[in-house]
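Hi everyone, thanks for coming.

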Amino acid sequence: MTNDTRVERAILVIDDELGLREGCRRALGRFGYQVQVAATGKEGLAKAQATDFGVVLLDVMMPDISGIELLNQIHSDDPATICIIITGYATVELAVNAMKLGAYDFIAKPFSDDLLLLTVEKGLEKRRLEQDSRRARQAEEEAQRLSKEMAMMEELDRVKSAFMRKVAHELRAPVAAISSLLTAILQGYATPAKTQEIQQRAADRANEMLVLIEDLLNLARLKDVKFAMRQEQVSLEAVLNDALSLHAPEAEQKGIRLSVNAQPCRPIQADPVHIKQLWTNLVSNAIKYTPEGGHVTVRLFAQGGMLTGQVQDTGIGIAKEDQARLFEEFFRTDQAKAFARHGTGLGLAIAKQIVEQYGGDIAVESELGKGTQVTFRLPVN
């Protein structure tokens, strides 16, 4: 016998009249129902809370707790319980009110065994129909959930496949270039005077590929929820100074004026490697895409519970139609490709992943030919 069937066969009679309680026990017991009885509302409530019953027969007028209070409490504990009100002639109105509050039906005293059995079985049939309906809804909800999960998995597979195609495409060019350069040397197509030049070009393409692979690994680690991050107090100002020291020679070589306005700020809880990647990607991009004699300005300040970093340049800028795609992986504008042949197109994607991982946001403002400003905000812990 299933648990649901056992519950359906369990009946509780709460009434202060001994004869009625015992009469219900005998009448229902003959048909295999397991009947428990209670003489007071308090006793009945204790039994209802201790055992699951399919039906509770409940006197609307109890000496200690009103039938309405009992009804509310029983349904609060188990809304599926079928409550049938037992009432005398003078309390029919109370029984009708009880039905408005969730009772299934009422039977007036005195009642026959047949009427009692019929009312109980109709109540149980209603309970079965409601449970079947609830199971059907749950099955439908589960099917919808599985369908959504399947769609998400398919979308993830599609994105993964697209990403792998992009990676293969980006790696293919430098590998093919290195292969053809080495083939030229190995097959004697290059003169001794040209060999060193070809070797240098091969080394440059290999370094380009290493930079791409390093960016890919960084992006993969950032996306991997299982990858353990270092967490320590990090000063954005100190990390910025380290990043600037690495890129200052490049700016100087191009005659780019590098200005810094970094206010002292509270440290945040983060992985210092991530913060260094963030500053490095933004500063290196600004220097790379700013013509000789330009200007790059870096700012750091606290505002509204957030640390705000800005990197502004007087570089080539970004067309409005391209700005929506700036944080896509591998995306480079036509102007960027024309200005600097080498680039992975992953710098801003990595920066966005880092900032959002710490609950922040990042935005770009730019005008073609006039420069770009990237602003990120990180919450202060």
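On the surface, L210, I213 and L217 form a nonpolar patch with about 260 Å² of accessible area together. A patch here takes residues with over 30% relative accessible area and no salt bridge, with nonpolar side chains (Val, Leu, Ile, Met, Phe, Trp, Tyr) joined within 5 Å; areas come from the Shrake-Rupley method with a 1.4 Å probe, and only the protein chains shown count as cover. L210 sits in helix α7, residues 192–223, helices being DSSP runs of H or I with at least four residues, numbered from the N terminus. L210 is exposed at 55% relative accessible area, where exposed means over 50% and buried under 20%.

A word on the source: this is a predicted model, where local features need pLDDT of at least 70, side-chain atom pairs count only at pLDDT 80 or more, and totals for chains, interfaces and linings use all residues. Residues are numbered from 1 along each chain as its sequence is written, and side-chain values use heavy atoms, without hydrogens and water.

Now, inside. In general, nonpolar side chains in soluble globular proteins tend to be buried together. The largest nonpolar core here has 44 residues, and L236, I275, W279, F376 and L378 have the most contacts inside it. Such a core is a set of buried Ala, Val, Leu, Ile, Met, Phe, Trp, Tyr and Cys residues joined through side-chain atoms within 4.5 Å. Helix α9, residues 272–288, gives the most to this core, with 7 residues. A second, separate core has 21 residues, including I11 and L28.

Key. Patch = residues over 30% accessible without salt bridge, like charges linked within 9 Å, V, L, I, M, F, W, Y side chains within 5 Å. Salt bridge = Lys/Arg side-chain N within 4 Å of Asp/Glu carboxyl O. Helix = DSSP H or I, 4+ residues; strand = E, 2+ residues; numbered from the N terminus. Buried < 20%, exposed > 50% of the residue type's maximum accessible area, 1.4 Å probe, protein only.
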